[in-house]
Amino acid sequence: MVTLQMIQEAQESLKGIARKTPLENANRLGENIYIKSENLQLTGAFKIRGAYNKIRSLTPEEASHGVIACSAGNHAQGIALSATKLGIKSVICMPEGAPISKVEATRNYGAEVVLVPGVYDDAAREAERLSKEHGYTFAHPFNDPYVIAGQGTIGLEILEQLPEVEQVVVPIGGGGLISGVAFAIKQLKPSCKVIGVQAGVVASMYASRQAGKVTTVPDAATLADGIHVLTPGSLTFEMCQKYVDEIVTVSEDEIAAAILALLEVQKTVAEGAGATPVAACMSGKVDTTKKTVCVVSGGNVDVTTLSRVITRGLTYGGRLTTITTKLADRAGSLANLLNVVGGTGANVVRIHHEREDVNSEVNACVVSMVLETRNADHVQKIKDELTAKGYSLLDA
């Protein structure tokens with residue numbers, strides 16, 4: 001259903017529409033790691049490629065009725081912009097909890113937005129209902145040959161930009177991106193490995209691969225909202241089975257750490273889904289002795305979410321920690337504690353002193369400190385020093 005010719009035709013049609021995004025070495029993340037920066041794509045994510053390729057394929061009659069799609073945000077923006085460029089009406093069903101920045105961006109690209117209670121799968125059902133009711137053409141975000149072909153243009157670009165590539169690491173939600181990329185790469189360079197990455201808490205393609213059939217996983221919250229898909233597509237599952245070498249999963253803390261590393265080291269903003277390939281490399285789940293391209297699929301992260309992610313990433317990396325201890329409730333006790341902490345080189349970010357804590361004796365108080373630290377070893381050194389000085393450490 002997808003051919004190399006379809007992908008090549010999509011690449012031609014996207015000239016002047018989608019950017020050929022940079023592919024650069026990220027040697028501070030790893031000597032053999034390269035970043036394919038789809039977060040710098042128009043609309044801030046790769047989705048414009050598949051969206052435009054789908055909409056340009058509509059017949060005049062289909063175009064006259066308009067197009068409808070469901071999305072957590074990135075496909076929504078791709079469809080909205082593509083439809084507006086081609087003069088076609090677009091309606092987008094989005095999960096009610098989608099980031100506000102993505103909802104507003106979709107509206108600004110010219111789409112009518114319908115917010116649906118629940119997650120992506122609920123938005124998909126509503127989009128299908130409205131499609132039948134109003135005669136819209138349903139533009140599936142991943143389980144569509146034209147969408148997959150459009151995403152496959154990333155695979156062509158990677159081979160053009162880094163012919164010596166040995167493996168490509170790609171996020172997986174419903175599977176449209178990796179299906180296109182893997183198909184293109186395997187047609188032109190079969191020796192190149194393609195590895196998929198999913199958020200461990202909603203790893204639907206991983207579970208489907210384990211089961212040997214399309215499988216629905218329970219819902220859970222994840223930083224990677226762009227790949228928050230509970231049931232992969234039938235077509236994408238088939239293509240992943242055939243062309244994807246391996247699928248790994250990453251934790252929420254690993255995703256947060258990768259977002260932070262990309263921000264701090266590469267000076268690039270990645271959303272949770274886009275950071276998962278880097279998370280897989282940083283956590284040792286991918287062999288980075290091979291020349292490895294990480295597809296950073298998008299950068300549409302809500303600013304308020306980003307601040308929380310940074311805090312989580314700092315904590316996971318041992319650069320921010322909370323230490324709670326008991327003190328005798330007498331003059332000088334707090335000063336003595338802070339002298340010990342200061343002597344270890346830690347910086348106090350925040351401190352809470354509670355004299356009436358139910359967990360403390362009547363002549364004692366509980367102090368909780370948020371400390372800026374260097375790494376996990378430094379955190380342990382602080383704890384060891386406090387313990388050696390007679391302080392009893394409590395769970396924060």
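Mentor: Before we look at single elements, a helix here is a DSSP run of H or I with at least four residues, and a strand is a run of E with at least two, both numbered from the N terminus. Please also keep in mind that this is a predicted model.

Trainee: How many helices and strands does the chain have?
Mentor: The C-alpha trace of the chain spans about 80 × 45 × 40 Å along its principal axes, and buried residues make up 56% of its 396 residues. Counted as DSSP runs, the elements of the chain come to 15 helices and 14 strands.

Trainee: Which strands do the buried residues of helix 6 pack against?
Mentor: Among the buried residues of helix 6 are Tyr120, Ala123, Ala124, Ala127 and Leu130. An α-helix has 3.6 residues a turn, so residues three or four places apart point the same way. The buried residues of this helix pack against strand 3, strand 4, strand 5 and strand 6.

Trainee: In strand 4, what is the bridge partner of Ala69?
Mentor: Both faces of strand 3 are covered, with Val67 and Ala69 buried on one side and Ile68 and Cys70 buried on the other. Strand 3 pairs with strand 4 in the parallel sense over 4 bridges, and in strand 4 the partner of Ala69 is Ile92.

Trainee: How many of the residues of helix 11 are buried?
Mentor: Helix 11 runs over residues 252-264, and its buried residues include Ile255, Ala258, Ile259 and Leu262. What covers them includes strand 2, strand 8, strand 9, helix 12, strand 10 and helix 13. Helix 11 is therefore described as mostly covered, and the buried count, with under 20% relative accessible area as the cut-off, is 10 of its 13 residues.

Trainee: Is Lys267 buried or exposed?
Mentor: Lys267 lies in the loop between helix 11 and helix 12, and its phi is positive, near 55 degrees, although the residue is not a glycine. Its relative accessible area is 64%, and because the cut-off for this class is over 50%, Lys267 is exposed.

Trainee: Is Thr43 buried or exposed?
Mentor: Thr43 has a positive phi of about 70 degrees although it is not a glycine, and it is found in the loop between strand 2 and helix 2. Its relative accessible area is 7%, and because the cut-off is under 20%, Thr43 is buried.

Trainee: Which residues does Ile17 touch, not counting those up to four places away in sequence?
Mentor: Ile17 is found in the loop between helix 1 and strand 1, and it is buried, with a relative accessible area of 13%. With residues up to four places away left out, Ile17 touches Leu42, Tyr52 and Lys85.

Notes: Residues numbered from 1 in each chain as written. Predicted model: local features only at pLDDT ≥ 70, side-chain atom pairs only at ≥ 80, totals over all residues. Heavy atoms only, no water. Buried < 20%, exposed > 50% of the residue type's maximum accessible area, 1.4 Å probe, protein only. Contact = heavy atoms within 4.5 Å. Expected span 1.5 Å × (residues − 1). Pairing = 2+ DSSP bridges.
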